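Have a look at the structure first, then read on.

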Amino acid sequence: MPKTALEIQLKTLPNEPGVYQYYDSEGKILYVGKAKNLKKRVSSYFTKTHDSGKTRVLVKKIASIKHIVVNTETDALLLENNLIKKYRPRYNVLLKDDKSYPWICIKNERFPRVFSTRRVIKDGSEYFGPYTSMKTVSTLLDLIRGLFLLRTCTYDLSPEKISAGKYKVCLEYHLGNCKGPCEGLQTEASYQDNIASIKEILKGNFKTSLVQFKSQMKELAANMQFEEAQIIKEKINVLENYQAKSTIVNPKISNVDVFSIMSDEGYGYINFLQISYGSIIRSHTLEIKKKLDETDKELLELAITEIRQRFNSNSKELYVPFNVDLGEELKITIPKLGDKKHILDLSLRNAKYYRMERFKQVKITDPDRHVNRIMAQMKSDLRLTEEPRHIECFDNSNIQGTHPVAACVVFKNGKPSKKDYRHFNIKTVEGPDDFASMEEVVFRRYKRLLDEDQSLPQLIIIDGGKGQLSSALKSLDALNLRGKIAIIGIAKRLEELFYPDDPIPLYLDKKSETLKIIQQLRNEAHRFGIEHHRNKRSKTALNTELETIPGIGEKTIVDLLKHFKSVKRVSEATKQELEALVGVARASKIYNYYHNL
């Protein structure tokens, strides 16, 4: 479609709610979107400057546009959702959950059977669900079978066949699991009362069944039918026990859908809690892969439409963390405190846990995706121009002002690369001067990398505040690397991140993965530097105490330290103890050295 024709189409779009579809020059669908106002929304793609590179690429590829006008925004949401699932356009979010879920079916027949199924057949039967766990279905069916006697046979129990005596009771009747409707031993009205109670339980309403059972129990006890009353009492206990296990929110909160969202650079995780009669009867988390840097609002609106459609929710009220546009038929509540806020927080906690579980699974099954996500997150959090695939961190060690050394640790793709770690003995600085020491080691490190034509890091981290960062910058300036490598300083006390020429530090969320990796780098640099510092001090101590004794070699020193454990004990040893270990001649030299003989 020529560009002029596209421009004409943009000018003639209606100012109505609807769904738009973008196609490329080969007629392949690129993107499906919804709009309150088609003209304003579609025009914005071609008139705005987009921050996202993906969106800019999408706009370049658009060759033609189709649109569908609908009556309401709610209709637009539903249509958008259906078209995304049908065509799976390249630039739309990807719903990661498309498996089939189990349902509980109450069959459309005389004396209905109750069973689980994954196939929904439109034959007038009632279906409850879908449930996200087969375990939940099994538990509910066990509860129902423990409370009500239902048939399991597939006979056609028409009045004519029953009156003709076509069927005989089976083993289930003799075991007490069925009342024998096949022989007319149970009335249809009695059976349907049980089915009505089962429907209420599946909706989350236990109150009706409890009231009925308690009434029956009292009636049986009044008529001296104590054994039958005891059976009913056991059923009440089963029902109350099951109800106690479900999470009770607040009996006043009834028939509400709760949604929350947790997102990162690449994915959104939307949790759904369904509340019925004050209890949580369903929890489900949907994972959505972002394609065009969609906002949390856009993701949440799409997910709410998808989840409510999938789970056949008819609730008229939603609890959400922020306002969403879902049409006028639904009541949107944004809880601020009390039980409503607690249930929203619970939903968010479920989304967070699901995200953590997915990260752990991805770490094992798809480590590249895990690394890519963390790198993208670090690039965003630290305001970098490229992903920090190669990071180097520097730390000085001069405990008690002696033996100044420095350490450089290297992380590649978020993991320590220990073969690239480097120690530095400070050569040009006299005394304990952290700033000058940092300037020296940063210069030496990158002078060498440049001389050897090795790859440079995308990020340098300096363990220290503004002073240490300024010193490191001097070396980068001297090597003409300023602006070519990102560099930040981290101050220990409040985990402040300092940037060159920016007096205001950056504070990251204490739980963020970016801060955790920076802390890991800093701690590893500190550990590596301290280790080198200790080794240097030990070596110096060894040199001054034992190697300065004339006629005593390295092997003798090792033997002495293995036996006596320390230089001090060697100095305190008797001549006889030394002779027994190293012989008369060397023992005399050592003994005479320490006793000034």
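## The enclosed space

About 60 Å³ of space lies in the largest cavity. A search of the whole structure turns up 1 cavity of 30 Å³ or more. Here a cavity is a set of points, on a 1 Å grid over the protein atoms alone, where a 1.4 Å probe fits but cannot get out, while a pocket is an open set with protein on both sides within 12 Å along at least five of seven lines; lining residues have an atom within 4 Å of a point. Grid points are joined across faces, edges and corners, and a volume is the space filled by probe spheres set on the points.

Who sits around the largest cavity? Its lining is made up of R151, T152, C153, V169, C170, E172, Y173, C178, P181 and C182. Sorted by class, that's 7 nonpolar, 1 polar and 2 charged residues, where Ala, Val, Leu, Ile, Met, Phe, Trp, Tyr, Cys and Pro count as nonpolar, Asp, Glu, Lys and Arg as charged, and the others, Gly among them, as polar.

## How to read the model

This is a predicted model, so local features need pLDDT of at least 70 and side-chain atom pairs count only at pLDDT 80 or more, while totals for chains, interfaces and linings use all residues. Residues are numbered from 1 along each chain as its sequence is written, and side-chain values use heavy atoms, with hydrogens and water left out.

The largest pocket has a volume of about 980 Å³. It is lined by 28 residues, and R355, F359, K511, E513 and K516 are the closest to its centre. Strand 8 (256–263), helix 12 (338–365), helix 13 (367–381) and helix 16 (513–547) each supply at least two lining residues; helices (H or I, at least four residues) and strands (E, at least two) are DSSP runs, numbered from the N terminus. Helix 12 gives the most, with 8 residues. By class, the lining of the largest pocket has 7 nonpolar, 7 polar and 14 charged residues.

The second largest pocket holds about 780 Å³ of space. Of its 32 lining residues, Y20, Y31, R41, Y45 and E298 lie nearest the centre. Strand 2 (29–35), helix 2 (38–47), helix 4 (73–87) and helix 11 (296–310) give two or more residues each to this lining, and helix 11 gives the most, with 5.

## Helices side by side

Helix 17 (residues 554–564) and helix 19 (residues 575–582) pack at an angle of about 120°, with their axes 11 Å apart. Axes are lines fitted to C-alpha atoms, for helices over the stretch in contact, and angles run from 0 to 180 degrees between N-to-C directions. That angle makes helix 17 oblique to helix 19 (under 35 degrees is roughly parallel, over 145 roughly antiparallel, 65 to 115 roughly perpendicular and the rest oblique).

## Residues worth a look

Is G18 buried or exposed? At 0% relative accessibility, G18 counts as buried (buried means under 20% relative accessible area, exposed over 50%, partly exposed in between, with a 1.4 Å probe and protein chains only). G18 is found in strand 1 (residues 18–23).

Most residues other than glycine have a negative phi. N413, though not a glycine, has a positive phi of about 55°; N413 is in the loop between strand 14 (405–412) and strand 15 (415–416). D501 isn't a glycine either, and its phi is positive at about 60°. At 72% relative accessibility, D501 counts as exposed.
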